[in-house]
Amino acid sequence: MTMLTELFSNRWLWTAVMASTSAQVLKVLLILLLERRWRPEVVMETGGMPSSHSAMVAALSTGLGLTEGWDSPLFAAAATFALIVMYDATGVRHSSGVQAKLLNELLGELQAVFREGFAPIPLKVLLGHTYLEMVIGASMGVLAAWLAFRVL
């Protein structure tokens, strides 16, 4: 097999990519349903419901567990990687988003005081995930792997 053929036939990789893509598309649909706004650019943003990072790493580790065994070194490595990614998404990145929100509010107050010549660029607020966003994303990943490796 050529390298490209191997890459395109890697079910574990494409299951993880599809789980992540599905989570990103679901974000757009949820905004459309709940807020009645069409925001397709959300597909390329981090943060929000559900966590596409969690969906991706959960799909990868679940797929490896289902095919290589729950006691395999590959599953152990993928599960460890998944836990680190999900911890970071709900911890460090979420905290950074909260701090960005507070800094944006402070900059708004400073802009009101100085008015002229003070035009700060707002920081991105939605960086990480809540625990619910992470759990829903991870559940989507587990479901994607189950479908890909047990049903299809």
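Is Arg-37 buried, exposed or partly exposed? Arg-37 is partly exposed, with a relative accessible area of 41%; on this scale, buried means under 20% relative accessible area, exposed means over 50%, and partly exposed lies in between, with a 1.4 Å probe and protein chains only.

Before I continue, a word on the source. This is a predicted model, in which local features need pLDDT of at least 70 and side-chain atom pairs count only at pLDDT 80 or more, while totals for chains, interfaces and linings use all residues. Residues are numbered from 1 along each chain as its sequence is written, and side-chain values use heavy atoms, with hydrogens and water left out.

I return to Arg-37. Its side chain meets that of Glu-35 in a salt bridge, at 2.5 Å from N to O. The term denotes a side-chain nitrogen of Lys or Arg within 4 Å of a carboxyl oxygen of Asp or Glu. Glu-35 is also partly exposed, at 43% relative accessibility. A search of the whole structure finds two salt bridges. Arg-39 and Glu-41 form one as well, at 3.1 Å from N to O, and Glu-41 is partly exposed, with a relative accessible area of 42%.

Helices are DSSP runs of H or I with at least four residues, numbered from the N terminus. Helix α3 covers residues 52-68, and its 17 residues should span 24 Å at 1.5 Å a residue; the expected span is 1.5 Å times one less than the number of residues. The end C-alpha atoms are 24 Å apart, which agrees. Just after α3, Gly-69 takes a positive phi of about 105 degrees.

How many of the 17 residues of α3 are buried? Twelve are, so the helix is largely enclosed by the rest of the structure. Among them are Ser-52, Val-57, Ala-58, Gly-63 and Leu-66. The buried residues of α3 pack against α2 (11-35), α4 (73-90) and α6 (131-151).

Finally, the nonpolar cores. Such a core is a set of buried Ala, Val, Leu, Ile, Met, Phe, Trp, Tyr and Cys residues joined through side-chain atoms within 4.5 Å. The largest has seven residues: Val-57, Ala-58, Ala-82, Val-85, Met-86, Met-134 and Ala-138. Two or more residues come from each of α3, α4 and α6, and α4 gives the most, with three. Leaving aside neighbours within four places in sequence, Val-85 is in contact (heavy atoms within 4.5 Å) with His-53 and Val-57. A second, separate core of six residues includes Ala-16, Ala-19, Ala-23 and Ala-144.
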